[in-house]
Amino acid sequence: MGLMMSASEGVAQEINDKQLVRTLGRVESAAPAIDVALLAEEASASAGKGVANLPNWQKLSKLSQLIVDIEFENGSVAIEPKSYRTVGLIADALHHPNLRRYKFLVVGHTSSTGDAQHNLELSAQRANAITEALSTTFAIAPDRLYSIGVGEEWPLDTANPKAAENRRVQLINLGLVK
């Protein structure tokens with residue numbers, strides 16, 4: 001299965017559907033407001049320079065989140081068929097009564113192979129592909145989903161930016177739908 005707990009919570013591990021609901025449902029009452037359009041603007045302006053230390057991006061690290069391993073065809077936004085099970089498991093969790101009231105940010109990441117601008121665009125397209133699959137195939141309300149790509153700017157393995165583990169999708173709980 002391609003679901004792991006956030007690396008910021010310790011060693012990555014596989015997770016089941018109950019853990020997924022529990023992990024994404026940990027919302028602090030004072031979660032910071034996140035401006036997705038501002039995040040996208042900062043990611044675009046920072047291609048090749050990093051975003052992890054920018055103040056608005058630091059806010060994301062305080063929110064409940066999962067790192068999700070979803071495979072795509074090489075250089076493509078087509079989700080590999082074997083990854084649809086993972087997307088379906090995410091959809092099941094988002095339909096769970098404990099998570100139905102929340103909106104989520106889907107963040108696409110790449111490794112540093114290739115040009116930084118291309119990686120930014122590819123990561124955004126892949127995040128869009130996931131949100132589209134969740135809303136069209138799995139009937140998650142589109143107004144609960146936001147997508148953004150950061151390319152290679154926020155690697156898990158900073159010592160090895162070309163590592164495969166840096167190619168991932170991150171699901172972040174943005175708080176209650178208003």
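Is Trp-57 buried or exposed? At 0% relative accessibility Trp-57 counts as buried, where buried means under 20% relative accessible area, exposed means over 50% and partly exposed lies in between, computed with a 1.4 Å probe on protein chains only. The model is predicted, so that local features need pLDDT of at least 70 and side-chain atom pairs count only at pLDDT 80 or more, while totals for chains, interfaces and linings use all residues. Residues are numbered from 1 along each chain as its sequence is written, and side-chain values use heavy atoms, with hydrogens and water left out.

The chain holds five helices and five strands, taken as DSSP runs numbered from the N terminus, with helices being H or I of at least four residues and strands being E of at least two. Read from the N terminus on, these elements run β-α-α-α-β-α-β-α-β-β. Of the 178 residues of the chain, 46% count as buried. Among the contacts with a separation of 6 or more, 74% come from residues 24 or more positions apart, contact meaning heavy atoms within 4.5 Å.

Trp-57 also takes part in the one aromatic pair that a search of the whole structure finds. Its partner is Trp-154, and the two are edge-to-face, at 5.5 Å centre to centre with 90° between the planes; rings of Phe, Tyr and Trp (its six-membered ring) pair if their centres lie within 6.5 Å, and planes under 30 degrees apart count as stacked, over 60 as edge-to-face and the rest as tilted. Because Trp-57 lies in helix H3 (residues 55-60) and Trp-154 in the loop between strand S4 (145-149) and strand S5 (168-176), the pair ties together parts that are 97 residues apart in sequence. Trp-154 is buried as well, with a relative accessible area of 16%. Asn-53, placed in the loop between helix H2 (36-45) and H3, is exposed at a relative accessible area of 71%, and its C-alpha is 9.2 Å from that of Trp-154, although the two are 101 residues apart in sequence.

Two packed helices are described by the angle between their axes and the distance between the axes. For helix H1 (residues 17-24) and helix H4 (residues 84-95) the axes come within 9 Å and cross at roughly 55°, the axes being lines fitted to C-alpha atoms over the stretch in contact and the angles running from 0 to 180 degrees between N-to-C directions. H1 and H4 are therefore oblique to each other, since angles under 35 degrees count as roughly parallel, over 145 as roughly antiparallel, 65 to 115 as roughly perpendicular and the rest as oblique. In this contact Asp-17, Leu-20, Val-21 and Leu-24 of H1 meet Leu-89, Ile-90, Ala-93 and Leu-94 of H4. These residues divide into seven nonpolar, no polar and one charged, with Ala, Val, Leu, Ile, Met, Phe, Trp, Tyr, Cys and Pro counted as nonpolar, Asp, Glu, Lys and Arg as charged, and the others, Gly among them, as polar.

Leu-24 of helix H1 counts as buried at 0% relative accessibility. Leaving aside its neighbours within four places in sequence, Leu-24 is in contact with residues including Ser-64, Leu-94, Phe-104 and Leu-171. The C-alpha atoms of Leu-24 and Ile-172 are 7.3 Å apart, across 148 residues of sequence. Ala-139, by contrast, sits in the loop between helix H5 (116-137) and S4 and is exposed, with a relative accessible area of 55%.
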